Amino acid sequence: MDFTSFVGPFVPEILLLGGTLLIFLLDVLGLRRNEWLSTVAVTAVVLALLSVLGDLGFGPLSVLATLSPGQIDTLPAFGSAPLYHFTSLGLVFQAIFLLSALLVTLASASRPSDEPGAPIFYGLLLLATLGMLLVAVASDLIFLLLAIEVVSIPSYLLVGYRRRETRSMEAAMKFFIIGALSTVLSFYGASLLFGAYGTTNLFLIQADASTVGFPVLVLLGYGFLVAGLAFKVTLVPFHAWAVDVYDGAPSDVSAFLAGGTKKIGLFAFFLVFLGPVLLVNTAAAGQSPFGGGAVDLGPTLSITLGVLAVVTMTVGNVLALLQKEMKRMLAYSSISQAGYMLIGITIGTAPALTGATLQIFAHVLMKGGAFLVVAGVGALGIGPLIDDWKGFGVRRPLTGAAFALMLLSLAGVPLTVGFVSKFILFSAAVQAEGWFIWLAVAGLLNSALSVFYYARVLKVMYFDRPGPLETAEGTAAAASAPALGAGGLGYGRAVAIGLAAVLIVGVGLYPQPVVGAIQMAAQHFVSAGV
Amino acid sequence: MTALPVAWFLALSGALLAVGIFGLLTRRNFILILIAVEIAMNATILNFVYFAAFATSGTGLSGQAIAVVLIGFAATEVAVGLAIVLGLNRLKGSINVAQANELKE
């Protein structure tokens, strides 16, 4: 293995690490103005994103590639039990993660230039993004879990980086306790799997998944792993923390958590569970899970994941219906979206993975964008309640239209990316036949249910007249807020929201390039494993 | 020498995990929660050490190496937890988790 093919694929990670170090250096030197720090952060993220897209062979960007497109899936492994392994699906996920970091850093550029804690914010954000990129290339259980922690630990601090706000600190505390519980469970699961297989390498574990000496250890190990990762993904029995954390965190951080870091758990599900699930769906061996030497995990695992998916989307949607506050509504809707994504992993075929990946891409734009709008309008005198948004669509036509677009896409209305992803996902469930059809039915019913609460927000925004009280308060708050460009949002935030909205419509109208790339990557992922 | 069966060790680490998770969920003092996290992490670390010792082939030193890495990782996590405790204590003058109730359930 020569130097270029060893370091070449890690260019995005190196750029992010460099950005992090530069930001902390600027902090030490006393150069803490928000514009400078955000310029460094945005530059690092953009360069990393261009490099990843180049490696994926996206049009003219491929001149930037450190690898030729065909080379990605055939890079030589490092050692016989490699810690990391580059796949095109991994690179697709890296691009999605970098997109979420890009939206958040762009939006943060329009915060006041003397805001305290800015270096901490940007430094930790880049560090967490670096961890996300590492998750996308992991091929070893311990490497994977440690990479997840490289994301989690900075994100506890990101939630609480405004140290004078009690709500933020409390959210950080809750996030830390739940995060620690999740970490403990998933590492314990990994240790049991190590006991059963004698290795933590995902290739070796999956090659061995149908027969092992200690079936009970395997079953327990996967059980603990599912529970630990389910906390990260906010699947339903493990979801309660998410609403408080997304609500209490600064909204920009909520955008990063809901749009970005939550997805690492889903990719971990891809890596860890797809092998065992696939073994079943293709080979269809039918032995008892508790039987003697041979253990067939597939049916147990895929039914567990399927039930989790259905429960998650239903509970998330029903609770979202009951919310009166905008951020809590978005948080519950985020939980229900995790259920849709899990459908793809339960089925495990290439079309289903394509749908799930596209759904994750869409969610970055829709939910990340929506939280960025919420973060921006706080300065315009709009309170936390949904009813505070009365007449918003009329008073702020552009921002209102972008926000409405994000909600419509979340609901899965045609011509948006949210529709394309759900369409691919549910048709994959129907194609897979068997009981998977019920996943599509549950998904469709849930989509119909979710339309209610998105439509309610739209009605408030466009058809309710603002009462005299709200407008008076609103004007007072807006007058006291610092004057920013782009109608009070600030230019950076306006660009980020605009980018998200354009991508939602653009990919919705002309999905072929994005879907094609994801399809090829998913196909390769399913046939090659890990 | 007759070796102890694996099940005994598993029982020990299972008990440690149970103690840790029980503490994590029931304690109201944040420092005690951090200690509970440490106890539960130690269950995992023990597992890696003796599974590596019991393994008949192939693992080499990987179990012990993972254990060392995890000890470092657990320390990192607790350091971040302590930072959050300090911030919370400065704001509210208390490290009681039950008094953190500004976010409604």
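Helix 4 of chain A (residues 88–108) has 21 residues and reaches 30 Å from its first C-alpha to its last, close to the 30 Å expected at 1.5 Å a residue. That expected span is 1.5 Å times one less than the number of residues in the helix. Helices here are DSSP runs of H or I with at least four residues, strands are runs of E with at least two, and both are numbered from the N terminus. Since 21 of its 21 residues are buried, helix 4 of chain A is largely enclosed by the rest of the structure. A residue is called buried if 20 or more other C-beta atoms lie within 10 Å of its own, exposed if 12 or fewer do, and partly exposed in between, with C-beta atoms placed from the backbone.

A word on the model itself: it is predicted, so local features need a pLDDT of at least 70 and side-chain atom pairs count only at pLDDT 80 or more, while totals for chains, interfaces and linings use all residues. Residues are numbered from 1 along each chain as its sequence is written, and chains are lettered from A and ligands numbered from 1 in the order in which they are written. The model scores ipTM 0.94 and pTM 0.91. For chain B, pLDDT (the predictor's confidence in each residue, from 0 to 100) averages 85, and 88% of the residues score at least 70.

Chain A comes to 21 helices and zero strands. Of its 530 residues, 62% count as buried. Among the chain A contacts with a separation of 6 or more, 78% join residues 24 or more positions apart; two residues are in contact if their C-beta atoms, placed from the backbone, lie within 7 Å.

Helix 5 of chain A (residues 118–135) is another mostly covered one, with 18 of its 18 residues buried. Now for the core: a nonpolar core is a set of buried Ala, Val, Leu, Ile, Met, Phe, Trp, Tyr and Cys residues joined through C-beta atoms within 7 Å. The largest one holds 227 residues, and A:Leu125 and A:Val135 touch the most other members. Helix 7 of chain A gives this core its largest share, 20 residues. Leaving aside residues up to four places away in sequence, A:Leu125 touches A:Ala41, A:Ala101, A:Val104, A:Thr105, A:Leu158 and A:Phe256.

A:Leu47, in helix 3 (residues 34–55) of chain A, is partly exposed because 18 other C-beta atoms lie within 10 Å. A:Gln523, in helix 21 (residues 512–528) of chain A, is partly exposed too, with 17. A:Gln523 and A:Thr349 are 174 residues apart in sequence, yet their C-alpha atoms are 8.4 Å apart in space.

Chain B comes to three helices and zero strands. Buried residues make up 36% of its 105 residues.

Where the chains meet, the contact takes 32 residues from chain A and 33 residues from chain B. On the chain A side, helix 6 (141–159), helix 7 (166–197) and helix 10 (240–248) each supply at least two residues. Helix 7 gives the most, with 19 residues. This side of chain A divides into 18 nonpolar, eight polar and six charged residues. Ala, Val, Leu, Ile, Met, Phe, Trp, Tyr, Cys and Pro count as nonpolar, Asp, Glu, Lys and Arg as charged, and the others, Gly among them, as polar.
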